[in-house]
Each structure stands twice: as structure tokens, then as C-alpha cells.
Amino acid sequence: MEMSEIKDLVLRSQNQDKDAFSKLFDFYYDKITKYVFRRTLDVEYSKDITSNVFLKALDNIESFKWKNGDYSFDGWIFKIATNEINQYFRKQKRYKLIIDDPKIFFNLGDDNKVSNEIEKTIDNEKHFLILNKAIRQLKPIYGDIIHLRYFEEMPYNEISQILNKNESTVRVYCQRAIKELEEVLKKDANNFINYGN
Amino acid sequence: MEIERLLKENKCNNINFGNHKEDLKNLLLNRDYFTKEKEYWDWRLTFSSLSFSLIIMMFSFAVPLFNNDSMVDSLERNTNVNNLGLVEWAGQDVKVYEMVEQKTKTLFYFDTRNDVLVHSEINNN
């Protein structure tokens, strides 16, 4: 979706246009659910967090103002999501999880069709799980940056907006995060036996 | 660079939460936000209130130069003004007068010792 179209949809949503908000929701839903699920690896919590993100976005969209360039709305909605995710981590104290037992590592909720499908998907994403486990061993801010930069492919200026940090600080943190991630993966080389294959 | 490549290639992209999207969308689109009436400023009323306050303020400064009669005395004589008595405001005793004009109520707070206007506020109903 073009940035001008997003701007138009946001403006119309601020004027209570249902159709505009519906389109905005369709555009951001997948991005937000993927971001939340990659961070939490928990289907039920991901649904709850995603719902909260959009409810908060709707409740506050009237007061949203464009700033920091064109990425402003992306940054704004991902900031809401990041805050909700961090709140979840604070509540659950789940930073230190063990990957060896996938049932402990992620909660797939009720054994319904959706959960089974996601379980199959995750099973095929062993590298993702290994990377995710390693990222969780880093400082939370490094985890935020790696997820936003590499999984969500966000530019540095947008990440700086989401995390309330200078762009140069984000760049430095990103380099450090990658270095530390490399160290963690080296230590955990047994789990990463198929590294790069 | 190897790590960066791995991160980009292993994103776990195939996530789908079934009906959650449609359920959440319906919930959002049925919220009060889309039906509530927007509150707009009544500029005419606000402007008239501000003008009136300005006149009162000018009056409070100018009148003592020409007249020994205080603003409090003028308000006491005005039939549109109610004397609300003494109250404590910002740590001091003040006399409060209420001037009612159409939908606008203006409150004047005077220092009890020297009848100097210390505060005023306008309420639009």
C-alpha cells in the first residue's frame, strides 16, 4: 500500500470513517499478528495482544499526529504492539525459556485446527526457533531491535521512533545485538548444528 | 552478515489465526467510536465569552483611575450578578461573584482584603 493511501485512510479513520479503518486494519493485521507471534510464540496471547493493539489504536487514532516522516503510522502502531508485548513479558516473566521441550517453549492453546496448523508450521521452522531462543537470551532492547530490524525489516528511523531512541543509538545497539547473538549461538552450537545449511 | 542473512531467511511467516481476524474486525467496527458525535468548539460562544472577560478586565483596571467606586461595588449593584460569598481559593480567602449571561457563567474571585480581582473563569453550559 502506498504511503499516500495510508495517510488518506488514517485521516478518514480519524473522521470516523468505518470503511477506511477497515482497510487500515486489513493492511496491518497480518503485520501485527506475525510480529506479536514471533515475539511470544504463544497463539492465545498473540490473539489477545493483537486485539489490544487494535483496540488501543482505535481508541487513540483521533489524537495521532503525523511526525518523523512517512513511517510515522507504522512506527506508532508497532510502538503500541511493542509496549503490549513487553507488558506481556513482564507479566509472564518469560524471557528465559527452554527450547528443548517445545511444549514448554510455546503455548499453542486449545488443540483446535488452527493450533495444529501453527504447530506444524513451527515444526518446519527449527532455525527460527533456535534463533528465537538465542534472541531471548539477549537484553530485551536488543531483542526488540533484532525483531524489528530483521524479521519486520524496518528502517532504523522507524525503529528509533518505536523504541524512543536516537537513530544512531539504534544502529550501535543493532551491531552489538548481532555480535551478542552470534556469541550466544556459538555457545549453543549443538542446537545450531545445521547452521547455514 | 551470516547471522543477518539467517534472520531474514527464517522468519516463520506462515502464521494464520483462523477467524480471529474477522471476529476482531467486527468488534472494532461496531465500537462506539464510529457512531459517537464529534465535539466541536462553539467559536461564537467562546469568542463572546472571551470578549466579555476582556471588557471586565479592562474595566477593573480603568475604573479605579476615574472612580473611587470599586469593581466589587459595581458587581454588587448589577442585577445579573450573584454574590456567592466567601470561599477559600489557592490558599487565600476570596469573595466570589457569579455573572450569568445567556449560556455563559463568569466567576470573579476578589481578594477579601483589598477587593482586587485575583482570578476569573468562564463556564459555558
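In chain B, four strands form an open antiparallel sheet in the order β1-β2-β3-β4; strands here are DSSP E runs of at least two residues and helices are H or I runs of at least four, numbered from the N terminus. Two strands count as paired if DSSP finds at least two bridges between them. This is a predicted model, in which local features need pLDDT of at least 70 and side-chain atom pairs count only at pLDDT 80 or more, while totals for chains, interfaces and linings use all residues. Residues are numbered from 1 along each chain as its sequence is written, and chains are lettered from A in the order in which they are written.

The edge strands of the sheet, β1 (81-89) and β4 (117-124) of chain B, each pair on one side only. Neighbouring strands are turned by 20 degrees against each other on average, direction ignored; axes are lines fitted to C-alpha atoms, for helices over the stretch in contact, and angles run from 0 to 180 degrees between N-to-C directions. β1(B) and β2 (residues 92-101) of chain B pair in the antiparallel sense over eight bridges. Within this pairing, B:Glu98 of β2(B) is the bridge partner of B:Asn82.

In chain A, helix α4 (residues 72-92) packs against helix α9 (residues 156-163) at an angle of about 45 degrees, with the axes 8 Å apart. The two helices are therefore oblique to each other, the term for angles that are not under 35 degrees (roughly parallel), over 145 (roughly antiparallel) or 65 to 115 (roughly perpendicular). Residues are in contact if their C-beta atoms, placed from the backbone, lie within 7 Å. On the α4(A) side the contact is made by A:Asp74, A:Gly75, A:Phe78, A:Lys79 and A:Thr82, and on the α9(A) side by A:Glu158, A:Gln161 and A:Ile162.

The contact between the chains takes 30 residues from chain A and 24 residues from chain B. On the side of chain A that touches chain B, the largest share, eight residues, comes from α2(A).

Definitions and conventions. Contact = placed C-beta atoms within 7 Å.
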